[in-house]
Amino acid sequence: AMRYVSLSPIFNREYVFFPIYDRNLVLLYYFGRNCFGKEPRYINPTNWYLEDKPFLFNMDFLEPLDTDTVLVTEGAFNIMTPKLPGVALLGKTMTASQELLLVQNWKRFIIWLDKGAEKESEEIQGRLLRWSNNPDNCCIISNESDLDASAMGETVAKRYLMGHLTNLNMPMHDAFFRMLQHYNVEEGCSWAGQKESQEDQEKQQ
């Protein structure tokens with residue numbers, strides 16, 4: 001899919017619109033978000049002919065990355081804020097087409113939906129784990145804050161993720177975690193060092 005952003009004069013230029021195209025530049029879906037906190041916050045198509053959403057927002061930007069791990073969020077702005085390998089479902093639920101796209105392209109999944117979507121997160125986790133024989137391949141980031149990733153901002157969102165991912169049994173050589181480790185080095189965080197120390201202790205044992 002190709003991502004394109006434009007301001008629409010139809011809504012007094014208060015909405016940012018995201019048309020989503022396939023590789024043949026056929027419009028698959030679109031959504032808009034109000035830039036000034038007014039209602040409705042989001043505008044989505046009604047009676048759209050592609051209700052199964054055979055796409056994942058931001059998926060095309062991940063193709064050059066060598067990663068088996070992907071962050072799965074609810075909204076587009078939530079996935080753009082942390083600047084990590086991730087895709088957005090554009091909703092709290094995962095369609096059958098989106099499920100296939102996920103398991104065909106990645107092995108490990110980090111689910112981070114908005115607060116109040118705990119049941120939906122567990123359902124998505126259960127469905128994705130049916131494709132894996134390792135329960136560690138899919139985890140849920142519990143959203144204890146009223147703020148979503150986009151409201152947190154890049155730095156806080158990354159730190160929030162690191163605080164929840166510290167004890168996960170996932171390979172640190174994956175591009176997803178290399179990007180987090182690189183961030184830690186620049187920001188002076190200790191998460192990467194903690195993981196290396198933990199791995200050294202396990203080797204010694």
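How many bridges join β6 to strand β7 (residues 86-88)? Three bridges join these two strands, which run parallel, where strands count as paired if DSSP finds at least two bridges between them, and where helices (H or I, at least four residues) and strands (E, at least two) are DSSP runs numbered from the N terminus. The model is a predicted one, in which local features need pLDDT of at least 70 and side-chain atom pairs count only at pLDDT 80 or more, while totals for chains, interfaces and linings use all residues. Residues are numbered from 1 along each chain as its sequence is written, and side-chain values use heavy atoms, with hydrogens and water left out.

The chain holds eight helices and nine strands, and 45% of its 205 residues count as buried, a word that here means under 20% relative accessible area, with exposed meaning over 50% and partly exposed lying in between (1.4 Å probe, protein chains only). Among the contacts with a separation of 6 or more, 55% are between residues 24 or more positions apart, a contact being heavy atoms within 4.5 Å.

We can turn next to the nonpolar cores. In soluble globular proteins, nonpolar side chains tend to be buried together. A nonpolar core is a set of buried Ala, Val, Leu, Ile, Met, Phe, Trp, Tyr and Cys residues joined through side-chain atoms within 4.5 Å, and the largest one here has 28 residues, with Phe57, Leu90, Ile110, Trp112 and Leu165 having the most contacts inside it. Its largest share, five residues, comes from α6. A second, separate core of 18 residues includes Leu89, Met94, Ile111 and Ile124.

Gly91, in the loop between β7 and α3 (96-105), touches both Lys53 and Glu74, not counting residues up to four places away in sequence.

Elsewhere, the structure holds five salt bridges. One of them joins the side chains of Arg127 and Glu99 (2.7 Å, N to O), linking helix α4 (residues 118-129) to helix α3 across 28 residues. Glu99 is buried, with a relative accessible area of 6%, and Arg127 also counts as buried, at 16% relative accessibility. Glu99 meets Arg130 in a salt bridge as well (3.3 Å, N to O), although Arg130 counts as exposed at 62% relative accessibility. In another pair, Lys158 and Glu154 have their closest N and O atoms 3.0 Å apart; because these residues are four apart in helix α6, about one helical turn separates them. Lys83 is linked with Glu154 and Lys158 in a network of salt bridges.

Technical notes. A salt bridge is a side-chain nitrogen of Lys or Arg within 4 Å of a carboxyl oxygen of Asp or Glu.
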